[in-house]
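Here is a short briefing on one protein model.

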Amino acid sequence: MSAQKAPTLHMIKLIVGCTSPEMLRDWVAVERHKGTAYVRTRTMPKRAEEIVQGGGSIYRVINGLIMCRQPIIGFDSYTRDDGHPGTLILVSDEVIPTQPQPMRPFQGWRYFKPEDAPPDLGQGAADLPDDGISSLPASLRNQLSELGLL
């Protein structure tokens, strides 16, 4: 009997002050920790090893919509400006656009099951080939998604 691989576990987190995946790409180029892009958070996920070993991503909520994801490559501890411990979620420089999916606001981060995650643009079973959707401005993708056209 062979062991089955557990489904990939992801994370989801809102981005404050970012208005598009394109803007996130710019941030990724600047915000570095030991040469690696990161996302700051307070607590270390108890399932961090599972996320990294399973090839998990952090899905990013921008203006009320899940708009993109970044593969997670590791976690690191750091000291926050207030002197308390914090966690850096180390991520790939790659910002992968996803089918926009509405998401209500929440604080911090959450675990995100693969079955709840939107497909990458052009990868969903129900959508047509990308046809340039990923190259549309984020604001237009948001409007089309809100109208139910994406």
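**Briefing**

Glutamate 115 is exposed, at a relative accessible area of 61%. Exposed means over 50% relative accessible area, buried under 20%, and partly exposed in between (1.4 Å probe, protein chains only). This is a predicted model: local features need pLDDT of at least 70, side-chain atom pairs count only at pLDDT 80 or more, and totals for chains, interfaces and linings use all residues. Residues are numbered from 1 along each chain as its sequence is written, and side-chain values use heavy atoms, with hydrogens and water left out.

**Loop between S8 and H3**

- Glutamate 115 sits in the loop between strand S8 (109–112) and helix H3 (138–146). Helices (H or I, at least four residues) and strands (E, at least two) are DSSP runs, numbered from the N terminus.
- Threonine 8 lies 107 residues from glutamate 115 in sequence, but their C-alpha atoms are 9.7 Å apart.
- Aspartate 120 is found in the loop between S8 and H3. Aspartate 120 is buried, with a relative accessible area of 18%.

**Helix H1**

- Pro21, Leu24 and Val28 are buried in H1. Seen down the axis of H1, its buried residues fall within an arc of 45°, so they line one face of the helix. The arc is that of the directions from the helix axis to the C-beta atoms.
- Asp26, Ala29 and Val30 are exposed on the other side of H1.

**Nonpolar cores**

- The largest nonpolar core has 21 residues; Leu24, Ile72 and Phe75 are among those with the most contacts inside it. S5 gives the most to this core, with five residues. A nonpolar core is a set of buried Ala, Val, Leu, Ile, Met, Phe, Trp, Tyr and Cys residues joined through side-chain atoms within 4.5 Å.
- A second, separate core has seven residues, including Ile12, Phe106, Phe112 and Ala117.
- Beyond its neighbours within four places in sequence, isoleucine 72 is in contact (heavy atoms within 4.5 Å) with residues including Met11, Ile58, Ile89 and Val91.
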